[in-house]
Amino acid sequence: MMHQPEPPALVRLGRTLCVRVAQAIVVLFALALSLDVRAEPADNAPVHLLSRCAGKAGGNVRQGDPAFMTLALDGRPWMTIDKTEDADAQAILTTITSNGWAKRRDGTSFLFRFTCVLNAQGQATMFHASALLRDLGDRLPPAIVINGSATYPLKEPLQRGIELQLQLLDTSQDPPAILTEQVIRSGWHLPMGFSLRLPAGMSLEGRPLALAARVVLARQTLFELVEPRKLAPGELTRFIELTLLPVGDGRR
């Protein structure tokens, strides 16, 4: 039996269906790119590790110092992260070292260095801080200090465990590079003050800067800046006031 060619109508129909399917795929891909998907950093991201240390430190400070008001821990580029393990793969420990500062209700404050240890489950099991001995010439590395405060529309007292996370970004890169960051726990006080430390020797020429901020509770973002706050180099030495807005139901 000789092969019968397909009727021209069926050929045209098949080609039309292929074109329409391809168009639909292109449209769906474009929509996916345009969606505002705000993924939380991975659980092992430095900011999450720092957050767990801040939780441990906040509990220790509240127990030992009733006058505690604000506690801040410096993240990248100041922090170091070291992992150690022995024959037991479940005994992996993560050790974090960095700097921080604390402020009491009477306005006095002090700088410190800290060591924080997390177990294999990512729980902070130890936090030790030692205040700088300024009288003996003990100093942190030179830095540009960016001072400011963050607030949000909430009349109730701050919940225990509420946390402010700040990151200074270089937006010329994709994704933006984190130049410095800080995690802050407050003793139920608004606005929440911050003092971001940027290495003094870091070149900022030609780098567009922006400050990202969010308020987090139990790893859920409750308030944030709608867009990172753009900063000119001259603004880094001025006091910066941020107002954060609610994020839906608290999920990102």
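A disulfide is a pair of cysteine sulfur atoms within 2.5 Å. The model is predicted, with local features needing pLDDT of at least 70 and side-chain atom pairs counting only at pLDDT 80 or more, while totals for chains, interfaces and linings use all residues. Residues are numbered from 1 along each chain as its sequence is written, and side-chain values use heavy atoms, with hydrogens and water left out.

**Exercise 1.** Find the disulfide in the whole structure and state its handedness.

*Solution.* 
1. The search of the whole structure gives 1 disulfide.
2. Its partners are Cys-53 and Cys-116, with sulfur atoms 2.2 Å apart.
3. The torsion about the S-S bond of Cys-53 and Cys-116 is about -95°, so the disulfide is left-handed.

**Exercise 2.** Determine which strand gives the largest share of the lining of the second largest pocket.

*Solution.* 
1. A pocket is an open set of points on a 1 Å grid over the protein atoms alone, where a 1.4 Å probe fits, with protein on both sides within 12 Å along at least five of seven lines; lining residues have an atom within 4 Å of a point.
2. Among the 19 lining residues, Trp-101, Lys-103, Ser-109, Asn-147 and Ser-195 are the closest to the centre of the second largest pocket.
3. The largest share of this lining, 4 residues, comes from β9.

Key
Helices (H or I, at least four residues) and strands (E, at least two) are DSSP runs, numbered from the N terminus.
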